[in-house]
There are 2 protein chains.
Amino acid sequence: MDKYCFGIDVGGTTIKCGLFGVDGEVLDKWEIRTRLEENGKYILPDVADTILAKTAEKHLDRDEIAGVGIGIPGPVNAAGEVQVAVNLYWGYVNVVKELGELTGLKVKAGNDANVAALGELWQGGGAGYQDMIMVTLGTGVGGGIILGGQIVAGAHGAGGEIGHAHVDDTMTAACNCGGHGCLEQLASATGIAKLARKLLDSCDTPSVMREYKNVSAKTVFDAVKEGDALAIQVAEQFGNYLGKALAVFAVVVDPQIIVIGGGVSKAGPVLLDYVTKPFREYAFPSCRTT
Amino acid sequence: MDKYCFGIDVGGTTIKCGLFGVDGEVLDKWEIRTRLEENGKYILPDVADTILAKTAEKHLDRDEIAGVGIGIPGPVNAAGEVQVAVNLYWGYVNVVKELGELTGLKVKAGNDANVAALGELWQGGGAGYQDMIMVTLGTGVGGGIILGGQIVAGAHGAGGEIGHAHVDDTMTAACNCGGHGCLEQLASATGIAKLARKLLDSCDTPSVMREYKNVSAKTVFDAVKEGDALAIQVAEQFGNYLGKALAVFAVVVDPQIIVIGGGVSKAGPVLLDYVTKPFREYAFPSCRTT
């Protein structure tokens with residue numbers, strides 16, 4: 001009988017793993033490092049190893065494991081194949097086949113932001129809703145659009161790839177997608193860190209962020225909570241980019257709810273404040289309270 | 001037996017009327033002026049009069065008329081009621097009830113851009129597709145999003161209201177919606193005329209557009225066809241706003257096709273050229289050929 005399942009979220013920095021009851025109950029969660037070496041060839045073997053290790057550690061019976069659900073940062077087709085996942089340095093990978101062979105378990109794969117959106121609709125911030133925009137702020141910016149309870153996968157698997165919406169004409173640095181001025185370059189963990197470094201380099205204003213050798217999105221929001229003036233400026237810049245972009249997305253599909261997830265969202269309500277203000281300012285009147 | 005139907009498109013300047021066979025064949029088409037006086041109270045009576053006049057002129061039997069389909073520039077709910085249509089100076093109007101009583105015919109009402117999108121999917125540029133973004137360039141900029149053959153009406157009836165996507169931070173003039181820097185302020189017939197007047201006022205460069213007292217979108221694109229340098233600059237500005245915005249919309253729902261309609265689209269392929277170039281430049285790679 002199916003009792004357990006594994007949920008795997010492959011990110012550009014870490015791979016988040018979870019052991020769940022089939023009803024969605026979290027039984028265990030842990031992380032492993034994402035090894036990007038040699039075009040990310042170790043990623044799926046590492047995932048298989050950690051699943052098998054956890055199965056042994058918990059003395060799980062294989063017949064009680066329903067399967068593995070895995071989210072990939074890139075477009076994934078219905079057969080579970082990836083053509084290219086830039087943040088993992090992957091070209092073509094058949095995730096379902098490869099991970100299925102390595103683990104001997106049933107595998108389902110999807111775009112990380114899309115499966116995150118489905119998860120939020122099932123158990124999380126979107127529970128009870130049918131029409132939702134989910135934004136995932138991690139190493140990159142992902143998105144999942146759900147309308148009528150169904151993922152909008154899109155004609156080219158690019159539905160909800162809102163991290164690659166062009167939002168800034170002045171940026172000359174190239175995004176992983178080849179474009180420039182993409183939302184992901186400004187509102188991801190990496191983007192926030194870059195906004196911070198740029199501001200720190202442009203002035204001599206004291207800031208607790210200067211004590212860190214590597215400024216991260218976490219450093220920034222921790223400093224915001226301490227009232228650090230420069231960190232607040234960075235949060236305002238980030239919030240302005242994201243809030244304004246969300247206002248545009250909202251006028252396209254007019255969702256009931258917008259859910260923000262991903263590592264950066266761990267900053268909590270303070271982050272939401274900086275995003276909500278510009279959203280309300282730039283949103284179409286009927287969407288302003290979304 | 002149902003043989004005929006009327007199709008009415010209420011715009012801010014003219015009301016476009018059509019008599020159709022129920023298979024979609026165009027039997028007659030004509031226009032009347034949109035009377036905006038006294039909060040647009042004459043609009044529906046004028047529509048009823050012209051329908052009844054055409055019925056008499058063509059000696060149509062009432063029993064052979066399936067009904068009237070009418071598109072309104074504003075959100076229309078499932079019951080055919082409008083809460084507010086800014087371009088018609090309307091507050092609450094029950095279109096289905098009022099026009100039904102005035103004509104004695106069955107009436108269906110919808111948002112103009114949404115019904116235009118459904119029409120294009122049935123008989124027009126979107127025939128054979130299921131996932132489409134339709135942009136209507138008229139007095140305003142409307143939009144209709146169709147996914148899986150269904151209109152995305154949205155949680156607040158604002159799905160596809162892409163004319164009110166914020167695209168320019170520098171604009172201080174207010175849009176009808178209360179926002180500023182909306183796509184509609186820059187890429188509608190009115191918006192194009194304003195871009196032209198602004199450019200003409202800013203320099204002394206000769207232009208055929210200067211011969212017209214009132215520069216319109218038609219003046220601009222006629223001048224573009226004659227190779228007028230200033231008109232080409234206006235077309236580039238317009239195309240840059242619209243193409244860039246479409247690239248953002250495309251990454252949200254990833255449609256199979258984008259269809260451009262409305263009065264301004266009568267300018268033809270020349271308009272498309274100016275929109276396509278920035279679209280391809282700013283679109284996510286997988287959507288670039290949409």
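Reply: The contact between the chains takes 36 residues from chain B and 36 residues from chain A, where contact means heavy atoms within 4.5 Å. The model is a predicted one, in which local features need pLDDT of at least 70 and side-chain atom pairs count only at pLDDT 80 or more, while totals for chains, interfaces and linings use all residues. Residues are numbered from 1 along each chain as its sequence is written, chains are lettered from A and ligands numbered from 1 in the order in which they are written, and side-chain values use heavy atoms, with hydrogens and water left out.

The size of an interface is often given as the accessible area lost when the parts come together. Here chain B and chain A bury about 3000 Å² between them, and 66% of that area is on carbon and sulfur atoms. Buried area is the accessible area (1.4 Å probe) that two parts lose on being put together, summed over both. On the side of chain B, the residues that lose the most area to chain A are B:His156, B:Val252 and B:Phe284, together 20% of what that side buries.

The rule finds two salt bridges across the interface of chain B and chain A, a salt bridge being a side-chain nitrogen of Lys or Arg within 4 Å of a carboxyl oxygen of Asp or Glu. B:Lys244 forms a salt bridge with A:Asp169, with 2.6 Å between the closest N and O atoms. Between chain B and chain A, 14 residue pairs are in polar contact, both residues at pLDDT 80 or more. A polar contact is a pair of N or O atoms within 3.5 Å; within protein, one must be able to donate a hydrogen and the other to accept it, and residues adjacent in sequence count only if both atoms are side-chain atoms.

Three elements of chain B give two or more residues to the side that touches chain A: strand S9 (141-147), helix H8 (229-253) and helix H9 (269-282). Helices (H or I, at least four residues) and strands (E, at least two) are DSSP runs, numbered from the N terminus. H8(B) provides the largest share of that side, six residues. By class, the side of chain B that touches chain A has 19 nonpolar, 11 polar and six charged residues. In this sorting, Ala, Val, Leu, Ile, Met, Phe, Trp, Tyr, Cys and Pro count as nonpolar, Asp, Glu, Lys and Arg as charged, and the others, Gly among them, as polar.

How are the two copies related? The same surface serves both copies, since 100% of the contact residues of chain B recur in chain A.

One residue that touches the other chain can be followed in detail. B:His180 sits in the loop between strand S10 (150-151) and helix H5 (184-187) of chain B. With 28% relative accessibility, B:His180 counts as partly exposed; buried means under 20% relative accessible area, exposed over 50%, and partly exposed in between (1.4 Å probe, protein chains only). Leaving aside neighbours within four places in sequence, B:His180 is in contact with residues of both chains, including A:Glu281, A:Tyr282, B:His166, B:Asp168 and B:Gln185. B:Met171 is another of these contacts, and its backbone oxygen lies 3.2 Å from a polar atom of the side chain of B:His180. The C-alpha atoms of B:His180 and B:Glu81 are separated by 27 Å, and the two residues are 99 apart along the chain.

Within chain A, helix H7 (residues 217-225) has as its buried residues A:Ala217, A:Thr219, A:Val220, A:Phe221, A:Ala223 and A:Val224. Helix H6 (189-201), helix H8 (229-253) and helix H9 (269-282) of chain A are among what covers them. Just after H7(A), A:Gly227 takes a positive phi of about 85 degrees.
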